[in-house]
Amino acid sequence: NQNNTRRTTLNIGADLELIKDKLYLRENSSLYYSDYTKETFDKAYRDYWNENTERKASFEYTRTIQQQHSLQLEYTDTFKEKHNLSAMVGGEYFENQYLQYKGTADGAPFDQIPTLNVSGRDNMWSYSYRQGYRIASGFARVTYDYERRYLFTAVARYDGISKLSDNRWGFFPGVSAGWNMHREAFFEPLSKVVSNLKLRASWGKTGYDNLALENTEGSYEAGKNYAGEAGILNTVLMNRNLLWEETTSTDLGLEAGFLNNRINLSFDAYYKKTTNRLLNENLWSETGF
């Protein structure tokens, strides 16, 4: 019984300064490669009654190749020493490819060579499987603050995934705002006791896509016999109407620090709602699935 696993991760990135200290173009690419092999071979052996010469052999190979590329353009500047602005726009591409092969055989004439090709061809069985999916994304972010007192951020993503077939694209925005009350002039008399006091609020929408490919494309099995003839059977029902599972969250919070932040308190109240839940549902037997 012999097993081997190999994993390789490669990463490369670059930053290009287009305007000094203000405008940057950033790129990052990563590649992940993993493969796994497993070989087994049962040599001939004798028990109390007889000798077993089946010499069963098996071989398994799996491979995963994953790549990700992102490109971002980011601008940062300060106006009149009070207005701080940061803006970013970018895109991302992700791809995952998976391959699996399995084979078994028995009946080798001797123990010295454990590979499948030495075993009897009449008892050979093989299987292979391949799947993959892609995600393409565009995103943007704007951050603004006035003298670090009034804070505002807006974000947006537009994601598409190949798993969802006919409804691949989803839009996921978000906004947040904050008020650093301890930076106000009227707060100065309390600054020795209350060193930090911040009120914040946010709203956002996120997407979830934890789906197997057969959920949208269906699944099929070969080898079923109908009146002695080989056929292909649809075993998982195709569902091209699936959507992104979306979660919308609203949050209100208060942060406070006392005695030079030796004591810190945080209060949050939030409301979260999920729609288009992705669930496994048992169908009526009359559907045939």
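The legends below describe close-up views of a predicted model. Local features need pLDDT of at least 70, side-chain atom pairs count only at pLDDT 80 or more, and totals for chains, interfaces and linings use all residues. Residues are numbered from 1 along each chain as its sequence is written, and side-chain values use heavy atoms, without hydrogens and water.

**View A. Strand β5 with strand β2.** Strands are DSSP runs (E, at least two residues), numbered from the N terminus. Two of them pair if DSSP finds at least two bridges between them. β2 (residues 23-41) and β5 (residues 57-79) are antiparallel, with 19 bridges. Y32 faces Q66 of β5 across the pairing.

**View B. Strand β5 with strand β6.** β6 (residues 83-106) runs antiparallel to β5, joined by 23 bridges. L73 lies opposite V89 in β6. Three residues separate the strands of this hairpin. There, K80 has a positive phi near 50°.

**View C. A nonpolar patch on the surface.** Its members are L16, L18, I19, L73 and V89, with about 410 Å² of accessible area together. Strand β1 (residues 2-19) contributes the most, three residues. L18 belongs to β1. L18 counts as partly exposed because its relative accessibility is 45% (buried is under 20%, exposed over 50%, partly exposed in between; 1.4 Å probe, protein chains only).

**View D. The largest nonpolar core.** It has 11 residues, among them F94, Y133, F172, L242 and W244. Leaving aside neighbours within four places in sequence, L242 is in contact (heavy atoms within 4.5 Å) with L164, N167, L211, N215, T216 and L278. A second, separate core of six residues includes A57, A108, L116 and V118.

Note on methods. Helices (H or I, at least four residues) and strands (E, at least two) are DSSP runs, numbered from the N terminus. Patches are made of residues with over 30% relative accessible area and no salt bridge: like charges are joined within 9 Å, nonpolar side chains (Val, Leu, Ile, Met, Phe, Trp, Tyr) within 5 Å. Accessible areas come from the Shrake-Rupley method with a 1.4 Å probe; for residues, only the protein chains shown count as cover. A salt bridge is a side-chain nitrogen of Lys or Arg within 4 Å of a carboxyl oxygen of Asp or Glu. A nonpolar core is a set of buried Ala, Val, Leu, Ile, Met, Phe, Trp, Tyr and Cys residues joined through side-chain atoms within 4.5 Å.
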